[in-house]
Amino acid sequence: MSLGIEYEILCQDDCSDLFDDEIHKVNNLKNCSIERNERKKGRTQNRLILANKARYNLLLFLDADVFPEKQTFIKEYLKEYRPNITLFGGYKYTEEYLTETNFFRYNYGKKREEKVASIRNLTPHSYVFSGNMLIEKSIFLSCNFSEQQNLYGLDNFFSYNLYIKRYKIQHIDNSIYHNGLEDNAIFFTKSLESVASRKYFLADKKDVEKVNSLLKNYNLIRKNKLTKIVSILFKCSEPLLKVLIFKKKTNLFAFDLYRLGYICNLK
């Protein structure tokens with residue numbers, strides 16, 4: 001389907017084991033290019049590289065492990081786009097890639113991320129997943145995390161900046177299938193890294209409780225001087241919470257409690 005628009009497709013390989021001949025094939029495609037980082041930079045910095053290289057003002061970000069649900073994917077975004085509005089298409093999960101070692105990530109995505117646009121728009125900043133996003137270059141550069149660190153969970157930082165700078169966001173039903181499900185232990189570790197990032201970079205920010213429920217609860221605990229008590233309770237209940245989290249049918253309430261106890265236990 002021809003949409004009659006000028007475009008480019010930029011890929012930035014983050015120091016993977018991609019073969020040189022595969023890179024050569026991509027670079028031979030019309031309006032396509034791919035470059036490889038000499039050292040791993042992480043998703044957030046990788047996107048910053050792509051944004052700075054982009055020739056056009058309108059950027060569509062997609063992760064390498066996703067695939068559009070609709071054949072009219074780009075057309076749907078262009079139909080909904082308005083100046084100064086950032087669009088999020090949403091995520092979906094399929095059992096096709098579900099295994100005995102990644103059910104935690106699947107369960108979390110299915111229950112917490114796979115929501116229709118009407119639900120996501122009720123609390124729009126809670127569903128800022130930058131792996132499927134149409135955004136103006138100037139807005140992205142003003143909200144992206146700029147420090148040269150390879151950190152996990154910086155969609156929370158990005159969401160907060162969109163909120164505090166009063167940029168409009170809108171969720172639409174234009175999902176991608178998220179096929180790259182991390183193993184349970186890897187996803188668990190990354191989730192705790194995300195908790196740490198939120199505490200260190202966002203916990204003391206103005207109005208952060210309006211865009212992040214974990215920090216809302218954490219700051220309420222801090223305000224009432226209950227951090228030490230919650231930390232002690234966390235240490236006592238941690239083994240049980242892990243059992244509930246890593247069950248085949250993940251107990252996400254236990255996961256929420258774990259993250260809350262973990263953030264209170266961080267120095």
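The model is predicted: local features need pLDDT of at least 70, side-chain atom pairs count only at pLDDT 80 or more, and totals for chains, interfaces and linings use all residues. Residues are numbered from 1 along each chain as its sequence is written, and side-chain values use heavy atoms, leaving out hydrogens and water.

**Nonpolar cores**

- The largest nonpolar core holds 18 residues. A core here is a set of buried Ala, Val, Leu, Ile, Met, Phe, Trp, Tyr and Cys residues joined through side-chain atoms within 4.5 Å.
- Buried means under 20% relative accessible area, exposed over 50%, and partly exposed in between (1.4 Å probe, protein chains only).
- Leu202, Val208, Leu215, Tyr218, Leu260 and Ile263 have the most contacts inside this core.
- At least two of its residues come from each of α7 (155-164), α8 (184-202), α9 (213-223) and α11 (252-265). Helices (H or I, at least four residues) and strands (E, at least two) are DSSP runs, numbered from the N terminus.
- α9 gives the largest share, four residues.
- Beyond its neighbours within four places in sequence, Ile263 is in contact (heavy atoms within 4.5 Å) with Val195, Lys199, Leu214, Leu215 and Tyr218.
- Another core lies apart, with 15 residues, including Leu59, Ile135, Ile139 and Phe158.

**Aromatic pairs**

- The count comes to 15 aromatic pairs. Rings of Phe, Tyr and Trp (its six-membered ring) pair if their centres lie within 6.5 Å; planes under 30 degrees apart count as stacked, over 60 as edge-to-face and the rest as tilted.
- Tyr91 and Phe129 form a tilted pair, 5.4 Å centre to centre, with 55° between the planes.
- Tyr91 lies in strand β6 (residues 91-92) and Phe129 in the loop between α5 (117-120) and β7 (132-136), so the pair ties together parts 38 residues apart in sequence.
- Tyr91 is buried, at 5% relative accessibility. Phe129 is buried too, at 16%.
- Phe234 and Tyr258 have ring centres 4.9 Å apart and planes at 85°, so their pair is edge-to-face.
- Phe234 sits in helix α10 (residues 227-245) and Tyr258 in helix α11, 24 residues apart. Both are buried.

**Strand β7**

- Five of the five residues of β7 are buried.
- Asn132, Leu134 and Glu136 cover one side, Met133 and Ile135 the other.
- β3 (residues 58-62) joins β7 antiparallel through five bridges; two strands pair if DSSP finds at least two bridges between them.
- Leu59 has Ile135 as its bridge partner in β7.
- β5 (residues 85-88) also pairs antiparallel with β7, over two bridges. Leu87 stands opposite Leu134.
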